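Q: Could you take me through the features of a model, giving the rule behind each one before the case itself? I would like to see the structure first.

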Amino acid sequence: MFINASQLPNLLTLSRIALAPVLILTLKDHNYLAALLVFLTAGVSDGLDGYIAKRYGFTSRLGAILDPTADKILLVSTYVMLMLLDHLPFWLVLTVVFRDLLIVGGYLVYTSVVGSVQMKPSLLSKFNTLMQIVLALAVLVNEGLGLSFTLWVDVLVYTVFVTTVASGVHYVWIWIVLKETRSADVEHIP
């Protein structure tokens with residue numbers, strides 16, 4: 001059985017989704033070094049599937065849906081486990097998960113009311129995701145390699161909180177305020 005080369009990015013993305021239970025199990029077993037390696041492998045897979053898709057024109061609607069889904073599954077799984085292991089505060093994980101639910105729920109409501117929309121992450125959202133990844137890496141490196149990044153982790157916790165809230169508010173602003181502004185502009189066109 002051979003696969004078409006154009007399917008490679010989606011297969012890499014699916015493999016990233018399959019790494020989520022592995023990551024959860026390694027964290028459950030307090031094997032932080034293995035969890036760090038799984039997290040890094042997922043990161044390399046994410047970069048590789050994006051590079052292949054863009055470089056060779058293998059982008060697809062399925063890939064556009066699967067890729068951010070895989071990222072969210074891995075990040076949320078990591079954050080929930082790190083919270084359960086007392087490495088991240090509950091309030092931060094609640095904020096991160098609520099923002100993701102807000103975005104998914106907002107997207108579903110927006111598309112059902114307004115119609116199809118092309119979702120592109122904003123620069124703020126990309127920065128927020130980067131900070132979430134850096135925080136997860138800092139905790140995993142801290143625990144897996146026995147380093148002491150406690151101050152950095154504390155700073156990153158508050159940075160992630162601020163960028164998460166700002167990103168969530170930004171999406172609500174785009175959906176509600178800008179939609180209303182665009183609708184008013186269209187109504188006033190002679």
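Q: How many aromatic pairs does the structure hold?

A: The model is a predicted one, in which local features need pLDDT of at least 70 and side-chain atom pairs count only at pLDDT 80 or more, while totals for chains, interfaces and linings use all residues. Residues are numbered from 1 along each chain as its sequence is written, and side-chain values use heavy atoms, with hydrogens and water left out. Rings of Phe, Tyr and Trp (its six-membered ring) pair if their centres lie within 6.5 Å, with planes under 30 degrees apart counted as stacked, over 60 as edge-to-face and the rest as tilted. The structure holds three such aromatic pairs. One of them is formed by tryptophan 91 and tyrosine 158, a tilted pair with 5.5 Å from centre to centre and 35° between the planes.

Q: Which helices hold tryptophan 91 and tyrosine 158?

A: Helices (H or I, at least four residues) are DSSP runs, numbered from the N terminus. Tryptophan 91 belongs to helix α4 and tyrosine 158 to helix α6 (residues 150–187), so that the pair links distant parts of the chain, 67 residues apart.

Q: Is tyrosine 158 buried or exposed?

A: The classes rest on relative accessible area: buried means under 20%, exposed over 50%, and partly exposed in between, computed with a 1.4 Å probe on protein chains only. Tyrosine 158, at 51%, counts as exposed, whereas tryptophan 91, at 34%, counts as partly exposed.

Q: Why is the pair of tryptophan 91 and phenylalanine 161 edge-to-face?

A: The ring centres of tryptophan 91 and phenylalanine 161 are 5.4 Å apart and the planes stand at 85°, which is why the pair is edge-to-face. This pair also links distant parts of the chain, with tryptophan 91 in helix α4 and phenylalanine 161 in helix α6, 70 residues apart. Phenylalanine 161 is partly exposed, at 29% relative accessibility, and Trp91, Tyr158 and Phe161 form one aromatic cluster.

Q: How many salt bridges does the count come to?

A: A salt bridge is a side-chain nitrogen of Lys or Arg within 4 Å of a carboxyl oxygen of Asp or Glu. By that rule the count comes to six. Among them is the one between arginine 16 and aspartate 46, whose closest N and O atoms are 3.3 Å apart. Here arginine 16 lies in helix α1 (residues 8–28) and aspartate 46 in helix α2 (residues 32–55), 30 residues apart.

Q: Where is aspartate 100 placed, and what is it in contact with?

A: Aspartate 100 is placed in helix α4 (residues 90–113), and with a relative accessible area of 11% it is buried. Contact means heavy atoms within 4.5 Å. Leaving aside neighbours within four places in sequence, aspartate 100 is in contact with Lys72 and Val76. Aspartate 100 also forms a salt bridge with arginine 99, the closest N and O atoms being 2.9 Å apart, and both of these residues are buried.

Terms used:
Helix = DSSP H or I, 4+ residues; strand = E, 2+ residues; numbered from the N terminus.
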